[in-house]
Amino acid sequence: MKTACGIVHRIVVPPIVPLGTALLFAAAAAHAEVQMRVEHRTPSEADSTWLLKAVPRPSTNDAATLASFSIAAGAADDNSGGLDKLHDGRMPTDEDQPDANFFFAAGTAGGRIVIDLGRATDLAQVNTYSWHPNTRGPQVYTLWASDGTQTNFNARVPPGTDPQTCGWQKLASVDTRPKTGPVGGQYAVSVSNSDGTLGRFRYVLLDVSRTEDSDPFGNTFYSEVDVVSADPEFVATPPPSPPKPPPFRLRSADGYCEIVVDSSDAPDLKEWAEQTLAPVLAEWYPKVVAMLPSEGYTAPTNFTVVLRPGRGVAATGGRRITANSDWIRRELRGEAVGALLHEMVHVVQQYGRAPRGGSRPPGWLTEGITDYIRWFKFEPESHGADIVWLRRQRNPNLRYDASYRITANFLNWVAEKYDPEIVRHLNAAIREGKYGESVWKEFTGKTADELGAEWKAQIEQLLKPDQ
Ligand SMILES: [Ca+2]
């Protein structure tokens, strides 16, 4: 046939005549021979090994692996595993696994799948695989391809439109429905060319038809589509992801610090991040800076908060806070803002700046100071580390160096009993690499152990059931 590209291919696909399990169709053409190999493993032969003989076995790293798959006509069935199943390199392990396959919606006549490799390559094979115990096993589709360079080319062929009028070239008509014998099972089809390549193409189009219309369930369970380039090094170029919106920026209340909030990987949290979280950080950054001064220290003039899917709660490295958006989402009315304020205190601490040769920042105190500011200064009404919280704990570990909320409680006790500025003194010593027992001694007259024992005894008194 004469295609819009001007290349002549004569595709003659004879009617299916079962010749055992494997069939080879070769069509004489002016320049080359398009070949179609079909292999059918009946339901009793089919198994999860996919040990095909006449058709290449499914591949996990062909040109389709990273290609972009889209539906140009028709709709996926809600029970289907989606288009990704067509190029994930994974095959169903059983004969009726809807979510391991792609298929068009029940009751519809089929549809069109477009594969974009991102750039043109010499196509060696297009191989398709399917598996179902009944009429959704066989494959019926027309295979088209295009290099996408023609002026009338349309990658999204409108439904009902002949692809040939939109710059596509027909490669083969596939119909593996057997005339006799069991209709179900595994089917594999390989379209190739005796010349080695089917042509130079960027796009592949499968115009898929249902296998029968006597009931709504005639759409084939397609398990995988492999597009094999003649160039073994060829890798499809995935489509560029849409540009991310610029991150939200605001300045701290005193204008000193720029705060950047990036919720582009968790867009559903954008409103919360910009309208609830950011104003709190902007208001509290100067307050925290004022609580944690030290000689010659200047706090960062910018920091970034990134909300994105991850693990745990949140972490801070230098001037970058990364928070797990899944956790944030669950805690929007709970701990989300407080947890990020805790991280912002780390930005102000900058204990990593301690001079070489100085004492290392004690981790328990780093987290204790952070939680002290969070629970006793920022949100005391939450009772997250005070006696109300302690009473709710079963056997709290009353070691003053137990970190986080316990140490926060201890620091608050020292501040109330001995020196209201104790956290400021500790912060300065840690940041300057001068932290040691002498700090406690200098400002309270006692060692940390002595203070810890005194604090513990008082807390235990308060935790007695009759208190
Ligand atoms: Ca698959």
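Entry 1, the strand. I began with strand β5, residues 140-146, and found it mostly covered, with five of its seven residues buried. I note at the outset that the model is predicted. I then looked up the pairing partners of β5. Strand β6, residues 169-175, pairs with β5 in the antiparallel sense over six bridges. In that pairing I located L143 opposite A172 of β6. Strand β8, residues 199-209, also pairs with β5 in the antiparallel sense, over six bridges. Here I recorded S146 opposite Y203 of β8.

I next turned to P98, which I placed in the loop between β3 (68-73) and β4 (110-132). Is P98 buried, exposed or partly exposed? I class P98 as partly exposed because it has 17 C-beta neighbours inside 10 Å, whereas a buried residue needs 20 or more and an exposed one has 12 or fewer. Leaving aside residues up to four places away in sequence, I found that P98 touches N79, S80 and G81. I also checked P98 against Y222: the two are 124 residues apart along the chain, and their C-alpha atoms are separated by 9.5 Å.

Last, I examined helix α7, residues 422-431, which is mostly covered, seven of its 10 residues being buried. I listed these as I422, V423, L426, N427, A429, I430 and R431. Against which helices do the buried residues of α7 pack? I identified α1 (270-291), α4 (363-378), α6 (404-417) and α8 (437-444). After α7 comes G433, for which I noted a positive phi, near 75 degrees.

Terms used. Residues are numbered from 1 along each chain as its sequence is written. This is a predicted model: local features need pLDDT of at least 70, side-chain atom pairs count only at pLDDT 80 or more; totals for chains, interfaces and linings use all residues. Helices (H or I, at least four residues) and strands (E, at least two) are DSSP runs, numbered from the N terminus. Two strands pair if DSSP finds at least two bridges between them. Two residues are in contact if their C-beta atoms, placed from the backbone, lie within 7 Å.
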